[in-house]
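Dear colleague,

Please find below the structure that I am handing over to you. My notes on it follow directly after the sequence and coordinates.

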Amino acid sequence: MSKNLPEVVSNSSGFGSKIKRFFSVICRNDVTVSRTNELFHMPILAFLIIALLTIKVSVIAILISLFCGVEYTIGGEDFSEPKKITFKP
């Protein structure tokens with residue numbers, strides 16, 4: 001290694017790196033909404049933005065849909081196996 005080049009020091013334990021990792025995870029992974037077949041599939045970030053912009057309607061719709069057999073699956077490269085959210089027996 002040349003002594004004329006500056007050494008790159010990475011501070012991976014800082015708050016900024018945790019925020020960066022959080023946004024990286026929600027952009028790389030997906031939410032799939034399905035019942036008997038897949039209804040739609042989108043990145044977690046897009047799902048959260050839509051849910052937050054329409055919070056009065058979306059919270060009620062998500063809760064009712066869970067009781068009607070809809071399944072929300074969160075998966076992607078950061079999950080060893082997909083996480084399912086449902087009230088199906």
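This is a predicted model: local features need pLDDT of at least 70, side-chain atom pairs count only at pLDDT 80 or more; totals for chains, interfaces and linings use all residues.

Overall fold. The chain contains 3 helices and 4 strands, and their order along the sequence is α-β-β-α-α-β-β. The chain has 89 residues, of which 24% count as buried. Among the contacts in the chain with a separation of 6 or more, 35% are between residues 24 or more positions apart.

Helices α2 and α3. Two packed helices are described by the angle between their axes and the distance between the axes. For helix α2 (residues 44-53) and helix α3 (residues 55-67), the angle is about 115° and the axes are 5 Å apart. Angles of 65 to 115 degrees count as roughly perpendicular, and α2 and α3 are therefore roughly perpendicular to each other. On the α2 side the contact is formed by Phe47, Ala51, Leu52 and Leu53, which meet Ile55, Ser58 and Ile62 of α3. Sorted by class, this contact of α2 with α3 comprises 6 nonpolar residues, 1 polar residue and no charged residues.

Aromatic pairs. A search of the whole structure returned 3 aromatic pairs. One of them joins Phe67 and Phe87: the ring centres are 4.8 Å apart and the planes stand at 40°, so the pair counts as tilted. Phe67 belongs to helix α3, whereas Phe87 lies in the segment after β4 (83-85), so the pair ties together parts of the chain that are 20 residues apart in sequence. Is Phe67 itself buried or exposed? With a relative accessible area of 65%, Phe67 is exposed.

Leu39. Strand β2 (residues 38-43) includes Leu39. The relative accessibility of Leu39 is 52%, and the residue therefore counts as exposed, the cut-off for that class being over 50%. Leaving aside residues up to four places away in sequence, Leu39 touches Val33 and Ser34. Between the C-alpha atoms of Leu39 and Val70 the distance is 9.3 Å, and these two residues are 31 residues apart along the chain.

With kind regards

Definitions and conventions: Residues are numbered from 1 along each chain as its sequence is written. Side-chain values use heavy atoms; hydrogens and water are left out. Axes are lines fitted to C-alpha atoms, for helices over the stretch in contact, and angles run from 0 to 180 degrees between N-to-C directions. Helices (H or I, at least four residues) and strands (E, at least two) are DSSP runs, numbered from the N terminus. Angles under 35 degrees count as roughly parallel, over 145 as roughly antiparallel, 65 to 115 as roughly perpendicular and the rest as oblique. Contact means heavy atoms within 4.5 Å. Ala, Val, Leu, Ile, Met, Phe, Trp, Tyr, Cys and Pro count as nonpolar, Asp, Glu, Lys and Arg as charged, and the others, Gly among them, as polar. Rings of Phe, Tyr and Trp (its six-membered ring) pair if their centres lie within 6.5 Å; planes under 30 degrees apart count as stacked, over 60 as edge-to-face and the rest as tilted. Buried means under 20% relative accessible area, exposed over 50%, partly exposed in between (1.4 Å probe, protein chains only).
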